[in-house]
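Here is my note on this structure. Please keep the sequence and the 3D view open while you read it.

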Amino acid sequence: MSFEYHEPPSVSEAVALAARFGSEARFLAGGTDLIVQINRGKLAPRHVVSLHRVPGLDTIAVDGHVTLGALVTHRALERSPHFQGRYRGLVEGAQVVGGHQVRNVGTVGGNIVNASPAADVVPVLLALDAAVTCLGPEGERTLPLEEFLVGPGQTQRRPEELLTTVRFPLLGPNSATAFLKAGRRKAMEISVVCVAARMTLDAGLERCREARIALGAVAPTTLRARAAEHVLEGEVPRAELLRRAGALAARACQPISDVRASSQFRRLLVETLVPRVLARCLERIREEGR
Amino acid sequence: MAPELRVVGKPLPRVDAYGKVTGKTVYAADFTLPGMLFGKVLRGTEPHARIVRIDARRALTLPGVRAVISAADVADVRYGGALKDETVFAREKVRYVGQPVAAVAAATSEAAEAALAAIDVVYDPLPAVFDVEGALAPGAPLVHEAWETYSAIPILYREGNICNRARILAGDVERGLAEADRVFEHRFTTRMVHQGYTEPRAAVAAWDSAGQVTVWSNTQLPFEVQNTLAEILQLPPSRIRILVPGIGGGFGGKLRVGVEHFAALLARKTGRPVRVITTSEEELTAAYPRQGTIVELKTGVTRDGRLTGKQGRIFFDTGAFAGSGPGVASVATLILAGPYCIPNLHLEGYAVYTNKTNCGSFRAPSGPQANFAVESQMDIIADALGMDPLDLRLRNIVREGDEGPTGQLLTGVGLEECLRRAADAIGWNDRRPGPSRGKGIACGWWTTTGGSSGVYVKINPDGTVALNTGAAEIGTGALTGAAQVLAEQLSVELSDINLVSADTYSTPFDFGAQGSRTAFSVGNACRAAAADLRRQLFALASRQLGVEPDALELRERHVVAGGKRVSLADLSRLSQQSGGGLIAHGTFIAPPTPYDTKRVEAHVYPAFHSPSFHAHAVDLAVDPETGEVTLHRYVVAQDVGFALNPTYVEGQIEGGVAQGVGQALSEEIVYENGRVVNPNLTDYKMPTTLDLPRIESILVQHPSAVGPYGAKGVGEPPNIEPPAAVANAVAAAIGVRITSLPITAEKIVMALRKETP
């Protein structure tokens, strides 16, 4: 394997290189997916465009929105003081990606464009209604994360486009997020199933105003379980209702059987984990309310 | 009164610690020589196929490629252990996906990879056998159609795809089962698992102008590799020098020739040093993993819990070559008997060929698989009789002076103490402390493997001591234990001992780092050498001090008689001036363990030398909805005879348990139609620290009559009981018994759903 290595000093030059080489080029962020795929012979880019010298892509900005630069690492997400409260699910997703070494270098942008259906941060971002921004030779475009994800390893990103930021709206009061994952071991694990949820309750902390449920490793892409969300909205989220949401989510997914688990087991895990992750959101909202 | 011990039995830092924690130790994988080439192995892609053609012409034209070799380039010899069925490269046909077909040497690792891709091999697929049942079915294709022509040790029982059937026959099993009030029949299965050593197998070979080849290898058995290379290269062993630098773990996976032969052959062909290192994929598809098994047990028991007879069969899926299979199948029968007094036994161990990778030895070979079955069934029996599983065991275990399954006399038996202390520590009186929470116990026994050890011990002119041993330190701390024995005996400190090890050219013979024997055997050889050196020292000191040798003793680096003393350093210098220096050759071979030869057939390992006994207890919780198992506490009470260094004995226990928990809960090499579908460390799941609780070790010490200071082998045993202990605790927690390893979350959930629809 051999490739030409580029270190552009700016976003525009990075995009210019990508435009020049098209599908023969790959962007290098943390490299925790790209390098592995090159080593395994699954990818053989002629040009590798490193983003390490590009300034400004590793910032977390919180104003009217939360904006994550594509090069924000999983470690940075875990450690960020912004995400310890309502956004706790983001920390929970980030802190179970690979091991410490992977989290120190692996990036949110990379996790998204790698488009693994088992990505751990992506379901949390979906639950947060995140949108991604890509910059190409023709300028910027922003699209919902859900639309951006097309299939395993496939996104709407064009080869000459660079994913620059992920953005999601601030959570109001009476909101919380949570993330849960099942695997064969307790660390260094690719999810057999992962689930993320966001819930917002009304002012009286009784009824669910808004719910988001996202599922990982049970379909070609991370996906929203809309029927399960709808059954919650406007209702009092009692345990029975959470279980119904779990059953609806299990019906919404289309898992495969592979060496990690059977499709039947994956479905059962969704049915179990969705009520749990919702219950965790409710606990968090009530804790914050106290 | 015995003198107080100064060095042995103390938790001293190991002699190789500094180099390893500072990263200074050179491992085989680090080894580089000027002009060195990189070797890679082309591996077969069919489970069973005739090789129609190998065409390397294109590969040889690629830049940097120096040589391509295949079966045509090597002598047509078959090598192996008890059964010689292996070849360096596939000849005429391939027998598993991953079998070496050719090897290349190139200037860079990438060039070697490119060359592999450019070799064209045409296969003509043949019907294959993928598991034991398929291999034993009537009319099954033969993995080795010419099996009868292979040379083997004569005692093996072989037939078609069976490369050994070992038996223990004691008493009359029909009568034993007829005498029982209840007879229990169960079937258990286990999967193939890898040793999981950190450093892949690696070797660097270089030939000199005199036609001698030197190989730096991370092997556990340098002298065995020397002999195997002699067969492969058709050279006398003296032309082959094996050196062992640091080893990043072995656990039995580095006993047999791994990549040394490829390095040596490629180096000979190219005239350049060659390094070969395996990849993770090669490790998981073409190494020497632990065999998957099927175990069938039929056990008779009286109403009050006395075992009357046991009929058992264990089938090892040994892969395309016998490897350790014939021996492992033999050892297994002793484990099937269990550490129990059962008057009537009919136990069989089968090693069966299939079209899979060649399985080998893995820390207590056969122990975990057979013990999982035996100890799971003990709990099933206890439940059925309404007995406490601990009581059922205590009613049947072997005690001091009892007979082993093949009639050996058992001494130094600490099993009852192990069981009682493990049970006490885990809080056995409260076996189900909460919903979906349970405790399990399992016990077993194991051998301290024999084989001889030699050491040269030299006293240096500064009074320090050089210990020269053919054994390799594979990370267990065993040579620290042996050095502690030597230091104790010579009245020096552990830090006074300098270790030279594992160089077939200059170190004395050692049977190798296998079978929990290194500290035991090398320690005893050190005792012998120390006794000789005492004689030499006392003879010199006697003249020097004018005191009879009988009146002398060794104390604090001196020979002492009343108020008179002379240092070891002075005596060493004196000897160098007058007698060629102080040196001794100490040797040890474990005495044979008598057994009843009429009770065994085709048995390679009929008795356990200086056996150790152990009990494991675990407290865990199961999430009944997700199947997730969380271990809360894990206790091991192991009869180690005498702990030469408690720290490293505990280290062995902790590591053995971690590895055993892997097999219990998560690890398996998964084959589908003869191909491994998880050949990477992403999907081959070894446990992480988060999967394990702190492991609590209780060192029980019922001394062995033979071991140094009463020590027994400690390295392998802790790997035996974890699957059974975990299975029993899971059953206690959820009321459902999983009879196949690994006990995955999915199996638990599915079993629970079947139980409660």
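1. Start at the boundary between the chains. Lys685(B) makes a salt bridge with Glu189(A), and the closest N and O atoms are 2.4 Å apart. Bear in mind that this is a predicted model.

2. How many salt bridges does the rule find across the interface of chain B and chain A? The count there is 6. A search of the whole structure, over all chains, gives 70.

3. Now take the interface as a whole. On the chain B side, 29 residues are in contact with 19 residues of chain A. The area buried between the two chains is about 2,100 Å². Carbon and sulfur atoms give 54% of that area.

4. Look inside chain A for another salt bridge. Glu210(A) and Arg198(A) meet through their side chains, at 3.0 Å from N to O. Why does this pair tie together separate parts of the chain? Glu210(A) lies in strand S13 (residues 208–216) and Arg198(A) in strand S12 (residues 193–201), so the pair links parts that are 12 residues apart in sequence.

5. Next, helix packing. Two packed helices are described by the angle between their axes and the distance between the axes. In chain A, take helix H10 (residues 239–252) and helix H11 (residues 263–289). Their axes come within 8 Å and cross at roughly 140°. That angle makes H10(A) oblique to H11(A). The crossing is right-handed. Among the residues in contact are Leu242(A), Gly246(A) and Ala250(A) of H10(A), and Val270(A), Val274(A) and Leu278(A) of H11(A). By class, this contact has 11 nonpolar, 1 polar and 4 charged residues.

6. Move to chain B. Helix H16 (residues 646–665) packs against helix H17 (residues 722–734) at an angle of about 55°, with the axes 8 Å apart. H16(B) and H17(B) are therefore oblique to each other. Their crossing is right-handed. H16(B) contributes residues including Gly656(B), Gly660(B) and Ala664(B), while H17(B) contributes Pro722(B), Pro723(B) and Val726(B). The residues of this contact divide into 7 nonpolar, 3 polar and no charged.

7. H17(B) also packs with helix H10 (residues 367–385) of chain B. The angle is about 30°, and the axes are 7 Å apart. Oblique or roughly parallel? H10(B) and H17(B) are roughly parallel, because the angle is under 35 degrees. This crossing is right-handed. Residues of H10(B), including Phe372(B) and Asp379(B), meet Pro723(B), Ala724(B), Ala727(B) and Asn728(B) of H17(B). The classes here are 5 nonpolar, 3 polar and 2 charged.

8. Finally, check the backbone. Most residues other than glycine have a negative phi, and most peptide bonds are trans. Where does Asp129(A) lie? Asp129(A) is in the loop between helix H7 (121–127) and strand S6 (131–136) of chain A. Its phi is near 60°, a positive value in a residue other than glycine. In chain B, a cis peptide bond joins Leu741(B) and Pro742(B), with omega about -10°. Pro742(B) is found in the loop between H17 and helix H18 (745–755) of chain B.

How values were computed: Residues are numbered from 1 along each chain as its sequence is written. Chains are lettered from A and ligands numbered from 1 in the order in which they are written. This is a predicted model: local features need pLDDT of at least 70, side-chain atom pairs count only at pLDDT 80 or more; totals for chains, interfaces and linings use all residues. Side-chain values use heavy atoms; hydrogens and water are left out. Axes are lines fitted to C-alpha atoms, for helices over the stretch in contact, and angles run from 0 to 180 degrees between N-to-C directions. Helices (H or I, at least four residues) and strands (E, at least two) are DSSP runs, numbered from the N terminus. Angles under 35 degrees count as roughly parallel, over 145 as roughly antiparallel, 65 to 115 as roughly perpendicular and the rest as oblique. A crossing is left-handed if the near helix is turned anticlockwise from the far one by less than a right angle, and right-handed if clockwise. Contact means heavy atoms within 4.5 Å. Ala, Val, Leu, Ile, Met, Phe, Trp, Tyr, Cys and Pro count as nonpolar, Asp, Glu, Lys and Arg as charged, and the others, Gly among them, as polar. Buried area is the accessible area (1.4 Å probe) that two parts lose on being put together, summed over both. A salt bridge is a side-chain nitrogen of Lys or Arg within 4 Å of a carboxyl oxygen of Asp or Glu.
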